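Hello,

Here is the structure I promised to hand over. Please have a look at it first, and then read my notes below.

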Amino acid sequence: WRGWKGAPYSTLVPSDEVTIDYRHGLPMITLTLPTRRERCRFTVKPALTTVGAFLQDVQREDKGIERAEVFATDGSKISDATLMEILLMNDFKLVINNTAYCVSPLVTDKMSSEHATEMEDIKSLVHRLFVALHLEDHQIRKERELLQKLDHLKEELLPLEQMKARIMDTADAKTSRLLWIGLALMSTQGGALAWLTWWVYSWDIMEPVTYFITYGSAMAFYAYFVLTRQDFIYPYVKDRQFLHYFYRKSKKQHFNVEQYNKLKDDLAEAEESLRRLRQPLHLRLPIQEISDKN
């Protein structure tokens, strides 16, 4: 007999001498070693093992092997750099010394489906093991990061909170003073109208005056609605005037309201993240290490 590329070999062995089985998603190639005359099983990783690495493993098992090559069915030699995953897609011939083995891999849709299912099961098992081993360490590290972030945000907010408290006190005092001034003006107006009605003029003369005063007040309330798009309701008017004084005083004191609001939002987000991290329903075990230290 003469093989591919003029390479001689004396024996062509049937395909049952070299068998390929799949176990745990990995192919196992079983063949008879020529010198030791015993069956030997080789487990390969198709996506990692090359043809050259597989042949080296075979030669290491049997020192009497002088020649080990792989050929395609058309006689062309398979490169040593070819992955076993590609080799096992088609039939091939394994030449050891002067013996050629015909190999027919079991490549079927059923085998591919079983292989994919086993690989997914292995990946799922590895993921669960990783989570079980590293979840608590990750949890502690994440909690420490959140606590450090909270301390940093609170340090930045402390002077802003103090400045905001002073500005709010000033704005509240001005708003209260304005309300009392309004009450005083209304009381003065009522007293003046009563004095003019009973002591200076009669009701016949003062009645048109009070009518136009009432009409003027209605016009003022309507103008307020046109400008602010809000009804003239006393709590709303008070809040609006308070915000007016607050922002005007903030501008004078160089109090950055946008920065303050952003820091408050970040603080609330960090506190919510920490609360969710410590919830028993989201975790397998509660962590007490950091809480005990604090």
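The end C-alpha atoms of residues 178-197 lie 28 Å apart, and this span is 100% helix and 0% strand. Helices (H or I, at least four residues) and strands (E, at least two) are DSSP runs, numbered from the N terminus. This is a predicted model, in which local features need pLDDT of at least 70 and side-chain atom pairs count only at pLDDT 80 or more, while totals for chains, interfaces and linings use all residues. Residues are numbered from 1 along each chain as its sequence is written, and side-chain values use heavy atoms, with hydrogens and water left out.

For residues 209-227, the end C-alpha atoms are 27 Å apart, again with 100% helix and 0% strand. An unreviewed UniProt entry places the feature "transmembrane region" at 178-197 and 209-227; its positions follow the numbering used here, feature names are shortened, and annotations may be inferred rather than shown by experiment.

Next, strand β5 (residues 68-72): 5 of its 5 residues are buried, so the strand is largely enclosed by the rest of the structure. Buried means under 20% relative accessible area, exposed over 50%, partly exposed in between (1.4 Å probe, protein chains only). From β5, A68, V70 and A72 point one way, and E69 and F71 the other.

β5 pairs with strand β6 (residues 92-96) in the antiparallel sense over 5 bridges, where pairing takes at least two DSSP bridges between the strands. V70 stands opposite L94 in β6.

Happy exploring!
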